[in-house]
Amino acid sequence: MPRGQKSKLRAREKRRQARAETQGLENAQATATAAGESLSSVHALVGGRPQNLPAAGTPSTPEVPEGATSASAAVSCTSSDESTSSQKEESSKSSKGTEGSLRDPLNKKVVLLVQFLLQKYQKKEPITKADMLKFVIKKYKYHFNEILKRASEHMELAFGVDLKEVDPTRHCYALVSKLDLTFDGTMNEEENMPKTGLLMIVLGVIFMNGRCAPEEEIWEVLNMMGVYAERKHFLYGDPKKVITEDLVQLKYLEYRQVPESDPPRYEFLWGPRAHAETSKMKVLEFLAKVHDTVPSAFPSWYEEALRDEEERAQARAAARARIAATASNLSHAK
């Protein structure tokens, strides 16, 4: 083949690879943006740090108005004008941050690693440190721990999964659902994680309202993270269908009409599978981790979560006792 033709082929291949890398980076950037939006939404659940939460790393007790047990009450700690202004400023900062993040070499690696982890999860392939260094980190190997830490936070916030090292010797990792959810075969792996992340937010709103949360309050919080009932979301698809149908059919949520409401109003409750597969303490731990504090920094919710843990422990002990008694009776009968 003539030398000139070879050069053209090499140049064409390089352009193709560059386009593929750019597309991958944009996809991963979208994922990272979703993680940031999830983080913002969780801040909104507890009223935002300025008035109600300690600065990062300062585990002091948040100041929540007396009787403010619901998400809406917490959100209303700041005036509506201040909230609207703050949201506009945050939106502007987020937009500028997104533009500049691709110019930060470490951020590039973080968003590429997020995409790499998603692909490994969807293909059910093992995740190893060696592969991450070879295919993503490359010459930034001395920053591996920092890049991995940031990518793990994005995965947790956007998708509700933790990246855990399952084999310290060979440095193998696995993505594990933060809420130990076991979606059945009605949803494939690719759909699973985004819906788990959305479910975490909804469960958090319900928990902070007590036993149930009005539908309008759920959407009030979801709107803060750019998720709207009438608008398709690039990550969650049709959000209204997800929370009022998909997660209801899977029994992670209950969606019912408020008794005697006219016109009809609806509310959400934890479904039986949510009660079985997660707990109030796990949801609170997630919220605390986002704010770099501890669960006890939210006294009323922490006390409720502790009571829930104690009741669960007693139920497990009673179940074990029943099983042991049944086994003993069968043994004596034989």
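A residue is counted as buried when its relative accessible area is under 20%, as exposed when that area is over 50%, and as partly exposed in between, with a 1.4 Å probe and protein chains only. Helices (H or I, at least four residues) and strands (E, at least two) are DSSP runs numbered from the N terminus. On these terms, four of the five residues of strand β6 (residues 266–270) are buried, so β6 is largely enclosed by the rest of the structure.

The structure is a predicted model, in which local features need pLDDT of at least 70 and side-chain atom pairs count only at pLDDT 80 or more, while totals for chains, interfaces and linings use all residues. Residues are numbered from 1 along each chain as its sequence is written, and side-chain values use heavy atoms, with hydrogens and water left out.

Strand β6 belongs to an open sheet of three strands in the order β4-β6-β5, with antiparallel pairing; two strands pair if DSSP finds at least two bridges between them. The edges are taken by β4 and β5, each with a single partner strand, so one side of each is left without a neighbour in the sheet. On average, neighbouring strands of this sheet are turned by 25° against each other, direction ignored. Strand β4 (residues 212–214) is joined to β6 by three bridges. Cys212 has Leu269 of β6 as its bridge partner, and Ala213 stands opposite Phe268 in β6. Helix α9 (residues 215–224) packs on the sheet and touches β4, β5 and β6, its direction making about 75° with that of β4. Helix α10 (residues 239–249) also packs on the sheet, where α10 touches β5 and β6 and its direction makes about 110° with that of β5. For these angles, axes are lines fitted to C-alpha atoms, for helices over the stretch in contact, and the angles run from 0 to 180 degrees between N-to-C directions. Five bridges connect β6 with strand β5 (residues 253–257), again in the antiparallel sense; the β6 partner of Gln257 is Tyr266.

Within α9, the buried residues are Glu215, Glu217, Ile218, Trp219, Val221 and Leu222. Just after α9, Gly226 takes a positive phi of about 80°. Leaving aside neighbours within four places in sequence, Leu222 is in contact (heavy atoms within 4.5 Å) with Leu198, Ile201, Val227 and Ile243.

A nonpolar core is a set of buried Ala, Val, Leu, Ile, Met, Phe, Trp, Tyr and Cys residues joined through side-chain atoms within 4.5 Å. The largest such core has 63 residues, and those with the most contacts inside it are Leu113, Leu117, Met132, Ile218, Leu222, Ile243 and Leu253. Helix α8 (residues 189–209) supplies the largest share of this core, 10 residues. Leu203 lies in α8 and counts as buried because its relative accessibility is 0%. Although 66 residues apart along the chain, Leu203 and Leu269 have C-alpha atoms separated by 8.1 Å.

A further open sheet contains three strands in the order β1-β3-β2, with antiparallel pairing. Its edge strands are β1 (127–128) and β2 (161–167), each of which pairs on one side only. Six bridges join β2 to strand β3 (residues 172–177), and Glu165 stands opposite Tyr173 in β3. Helix α7 (residues 144–159) lies across β2 and β3 and runs at about 135° to β2.
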